Structures are given as C-alpha cells and as structure tokens.
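Q: Can you walk me through this one, feature by feature? I'd like the general idea each time, then the case at hand.

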Amino acid sequence: MTDNDPATRRTGPAISLRGVGRTFGDRAVLQGVDLAVAQHEFVVLVGASGCGKSTLLRIVAGLDSDATGEVQVAGEHAIVFQDARLLPWRPVWRNVAFGLRGPRAELRARADRALAEVGLPGRGDSWPLTLSGGEAQRVALARALVRTPDLLLLDEPFAALDALTRLKMQRQVAELWRHHEITTLMVTHDVEEALLLADRVLLVDSGRIAEEIPVGLPRPRDPRDAGFAALRHRLLLSLGVDLSGDRGHAPTRAPAPARTRARTHA
Amino acid sequence: MTRVPRTLRRALVPIGLIALWQLLAETGAVDPRITSSPWEIVTALTEMTRSGELAEHMRISLFRAVAGLACGATLATIAGIAAGLSRFGEDALDSTIQAIRTMPYLGMVPLFILWFGLGEAPRITMVALGSFFPVYLNVFKGIRDVDDRLIDLGRGYRVSRWELIRDVIVPGAMPSALVGLRYALGTAWMSLVVAEQINAQSGLGYLIVQANILAQTSIIITALAVYAVIGILADAIVRLIERRALRWRRTFEGA
C-alpha cells in the first residue's frame with residue numbers, strides 16, 4: 001500500500017486513491033473515491049459527522065485493512081488524532097520519540113527539538129497526565145513532526161480544544177506547514193479552519209467527494225477578508241447551512257455560534 | 001485532642017483494647033485456658049525468640065511462601081500474557097484455568113501429598129496455586145483493559161509487535177497486575193497456613209497445630225501475630241514497588 005520508491009517520492013503525487021470504498025456491515029461508508037494530493041499540498045476534507053471523512057483518512061494512514069480500491073501513499077507518514085493519545089506511563093519526550101530507534105541521547109535531542117518547535121521547550125520530562133489538552137495535542141504534533149514525515153495526516157486535531165487554544169494551534173500548524181513544506185491531509189468539520197489552512201477543500205458527503213473548492217487566498221489568511229467570507233458562505237451552503245441575509249447572528253442556524261464569537265475576539 | 005500526633009491517635013484504640021484484654025485476664029473474666037493474656041503472649045514470644053525456635057519456623061515458612069509465590073506468580077504472568085495478547089491463547093487457556101479456579105484447592109492437600117510426596121513440594125504447590133489465580137486474572141484483565149486507541153496509535157506509527165507489548169501493553173496492564181500481586185500475597189500466605197497444618201514438621205502452621213494439641217493458646221496467638229506482621233511487611237513491599245512503577249500516576253494523583 002505504501003510506495004517507498006524514492007523516485008515516486010520526489011515527483012509523483014503524495015497520495016493517490018482510485019475507486020476506494022469501505023463498507024461496515026451492509027452500509028457503504030465510502031464508495032468510488034478518487035483522490036490525488038500533490039507534493040507539499042495542504043488538502044482539507046470537510047463534511048458532516050458520519051460522512052466518511054475520518055474513515056478516508058484512516059485508509060490513507062494504513063489503519064483500515066478492509067478498504068477496497070487502490071491506495072498509494074508516497075514516503076513516510078505520521079498521524080495526529082483528535083485525542084492526543086499519549087502514553088501516560090512514558091514521560092513527554094519518550095512519547096515524542098515513540099517508535100523511533102537509535103541511541104537514547106540522540107532520541108532525546110530530537111524530541112527536545114520537536115518540542116521546542118511546537119512551543120513546549122523544556123517539557124520533555126513532564127508526565128503526560130500533568131499536561132493541559134492543548135499541551136498534550138502539541139506533544140502529539142511534535143511526535144508526528146519529529147520523524148520528518150513526507151505526509152502529515154491530521155484527524156480533527158483541534159476539535160477537542162477550547163476556542164483560544166484552537167486558534168493558536170491552527171496558526172502553528174500553518175507555520176509548520178510553510179516551514180517544512182510537508183504534504184498535509186486534514187479532516188475537520190470546522191469550515192473556517194479548513195479555509196484558514198487549505199490549498200484545496202474537499203467536501204465529503206455520503207461517502208463520496210461531492211465538491212472540490214480551491215482556496216486561492218494569500219497567506220496568512222484573515223476570516224474578516226471579503227474573499228474568505230465568500231468562500232465560507234459557499235462552503236456552508238454546500239454543507240446545507242444557509243447564512244444569506246444574516247451573518248451568523250442567529251445561533252440556531254450557525255453551526256457553532258460560540259466558536260464564531262470567540263474567533264472574532266481573538 | 002488535635003494536639004496529639006496522628007500516629008498516637010491511631011494507636012489509641014488498639015492499645016486500649018489490649019489493655020482491656022489484659023485487665024479481663026487479670027480479673028479472671030476470660031478463662032486463661034482458652035485465651036492467654038497479652039502478657040503471656042509477650043512472654044511466649046520472647047521465650048521462642050530466645051530459643052531460636054521462632055526464627056527457625058519463620059525461616060522455613062518464609063521460604064515456602066517466597067518459593068510458592070515466585071512459581072505461582074511467574075507462571076500466572078506468563079499465562080495471563082499469553083491469554084491476554086491473543087485470542088488463541090485465551091481459547092487455549094482461559095476456560096481451563098477458570099474451571100480449575102472453581103475447585104476448592106485448599107481441600108486438595110491430601111491429593112498433593114499423594115502426588116508430590118512428603119517433602120516441600122506439596123506445600124509449595126499449594127502456595128503457588130493460591131497465588132496463581134489472582135495474578136492470572138488481573139494480568140489478563142489488565143491487558144484486555146488497555147485503551148484500544150493506544151493500540152491504534154501503535155499501528156498508526158508502525159511500531160513492531162514487540163515494541164507495542166513493551167511500551168503500551170505491559171505498562172498499561174501494570175496497575176492491574178500489581179493489584180493481582182497484592183491479592184496473591186494474601187492468598188499465598190493463607191494457603192501456607194493450611195498447608196503447614198497438614199502433615200508438616202516445621203513452619204508457623206506446624207507451630208499452631210502443636211500448640212493446639214498442648215493447649216498453649218499463647219503460642220497459637222504468637223504464631224498468628226507473626227503471620228500478620230509478615231503479611232503487612234509483604235504488602236508494604238508491593239506498595240513500594242507500586243509507587244515506583246506507577247509514579248506516572250502518582251504525580252497525577254498528587255496534582
């Protein structure tokens with residue numbers, strides 16, 4: 001499933017899916033999905049709960065052995081889950097170096113560098129259970145980055161964080177992506193987050209990629225920007241949320257009103 | 001009252017009870033033929049200590065307990081890991097072990113003597129059997145209770161099976177396994193008392209049986225007290241191991 005040929009790694013697409021399907025029992029969660037992600041591209045999958053977007057990410061990560069179709073992933077990948085999934089019995093730096101082999105001192109140095117990069121310098125010796133949610137998720141991000149993957153997979157990585165931490169983390173991921181030029185595939189249900197980060201947003205609906213929206217906005221992006229608002233409006237409309245004539249003041253119609261408010265303050 | 005140190009406050013009730021006991025014995029309210037007074041027990045204890053009798057019986061009892069526990073806990077850990085890690089292991093071992101567990105093994109001493117002879121083997125086997133089940137059950141449960149998402153993480157980061165066992169499954173099962181070990185200490189010790197009362201020539205249990213024949217209640221109570229003290233010490237050792245092995249959790253509890 002993983003193509004490690006160095007030539008493909010440099011030139012070919014980072015991810016290539018053809019006719020990918022997955023059924024749970026007799027329910028088809030994904031069917032006939034084609035997807036190509038170019039090197040260094042940031043692609044975001046959005047969709048309602050249960051649309052199959054997370055399943056798609058897990059298939060790319062090689063975590064779903066029952067999928068059908070053709071899956072090609074070039075190079076090494078690393079995944080960040082919605083929950084940090086740190087081993088509570090290993091200190092932070094050990095978690096960052098999870099699964100890496102080499103001399104202890106070298107692993108420690110690499111882990112410390114990765115921790116510094118995600119804004120947690122000097123926290124290598126902490127126990128995971130003493131970290132806040134945002135810190136734990138940053139450790140998870142460091143764990144992914146420390147192995148300098150060719151492909152970064154993010155499965156709703158900020159969904160469980162509070163609004164302010166989420167904003168900081170989104171910025172940080174944008175920074176890291178620009179700095180490392182690392183191909184990224186992310187799943188989220190947060191439209192604004194998708195538009196902040198993506199080169200291309202793919203809308204997943206009923207197990208298919210229903211719509212493709214290129215985001216041509218210059219970076220860093222500002223949600224107050226007119227072009228941003230227009231894209232958000234379009235994306236929300238595709239997701240079945242109509243905000244025309246009313247810019248999200250009616251809480252019943254906005255997908256996450258509290259979150260929207262926090263964002264405008266930040 | 002609040003000025004009194006805590007250790008002293010906690011010792012107040014036991015000390016009071018012992019004093020009451022002594023008083024009742026002095027006044028003749030309890031029959032000295034049935035229950036010795038605390039003073040007689042202390043006398044018996046010093047006597048047995050001085051003659052070296054107590055140390056000798058304690059030594060042999062400790063040896064049996066440690067040997068039996070080591071065999072039982074080791075085998076139980078291996079069996080628990082095998083059954084916990086794979087469905088095949090579970091199918092092969094678990095139902096058999098559960099079936100044997102329902103048998104009252106304390107009643108099997110005569111059989112063990114028939115099978116293993118009159119040496120140390122039947123008694124050590126008893127202790128091993130007594131400590132096997134708590135360790136097995138808790139190792140098995142500990143492994144099966146490891147968070148599924150951490151196994152998923154291991155697969156996501158493509159670690160080897162060995163690394164998954166070493167870094168995720170074994171540490172994850174450790175809290176439960178240590179609880180099993182603490183239980184095992186109790187059952188091992190209990191099995192030993194029973195085993196030493198049947199056809200033994202030495203050990204604390206033998207001491208109790210001998211004293212019973214001679215109606216020396218002070219020696220019976222002394223032997224029981226020694227059992228209790230050793231049991232407390234053993235538990236303290238496991239708790240110490242627990243504190244070190246689970247310090248990731250300690251830090252959290254202290255927060």
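A: Let's begin with secondary structure: helices (H or I, at least four residues) and strands (E, at least two) are DSSP runs, numbered from the N terminus. Take residues 219–241 of chain B: the span is 100% helix and 0% strand, with its end C-alpha atoms 33 Å apart. Some ground rules: this is a predicted model, where local features need pLDDT of at least 70, side-chain atom pairs count only at pLDDT 80 or more, and totals for chains, interfaces and linings use all residues. Residues are numbered from 1 along each chain as its sequence is written, chains are lettered from A and ligands numbered from 1 in the order in which they are written, and side-chain values use heavy atoms, with hydrogens and water left out.

Q: Which residues of chain B does UniProt list for "transmembrane region"?
A: UniProt positions are given in the numbering used here, with feature names shortened, and annotations may be inferred rather than shown by experiment. The unreviewed entry lists 62–86, 98–118, 164–185 and 219–241 of chain B. Residues 98–118 are 57% helix and 0% strand, and their end C-alpha atoms lie 28 Å apart. UniProt also gives residues 58–242 of chain B as "domain: ABC transmembrane type-1", again from an unreviewed entry. That span is 85% helix and 0% strand, with 26 Å between its end C-alpha atoms.

Q: How many helices and strands are there in chain B?
A: Chain B has 11 helices and zero strands. Chain B comes out at 23 Å, well over the 18 Å that the rule gives for 255 residues, so chain B is more spread out than a compact globule. Along the principal axes, its C-alpha atoms fill a box of roughly 75 × 60 × 30 Å.

Q: What share of the residues of chain B count as buried?
A: Buried means under 20% relative accessible area, exposed over 50%, and partly exposed in between (1.4 Å probe, protein chains only). In chain B, 39% of the 255 residues count as buried.

Q: Which residues have the most contacts inside the largest nonpolar core?
A: A nonpolar core is a set of buried Ala, Val, Leu, Ile, Met, Phe, Trp, Tyr and Cys residues joined through side-chain atoms within 4.5 Å. The largest has 135 residues, and A:Val96 and A:Val201 have the most contacts inside it. Helix α8 (residues 161–197) of chain B supplies the largest share of this core, 13 residues. Apart from it lies another core, of seven residues, including B:Met108 and B:Phe112.

Q: Where do the domains of chain A fall?
A: Domain bounds come from an automatic or database domain assignment. Here that gives domain 1 (22–75 + 150–240) and domain 2 (88–149) of chain A. Their C-alpha centres lie 25 Å apart. Contact means heavy atoms within 4.5 Å, and this one takes 14 residues from domain 1 of chain A and 12 residues from domain 2 of chain A.

Q: Is A:Pro214 buried or exposed?
A: A:Pro214 counts as exposed, at 53% relative accessibility. A:Pro214 sits in strand β10 (residues 208–214) of chain A. Leaving aside neighbours within four places in sequence, A:Pro214 is in contact with A:Asp199, A:Arg200 and A:Leu231.

Note on methods:
The radius of gyration is taken over C-alpha atoms; the globule rule is 2.2 Å times the number of residues to the power 0.38.
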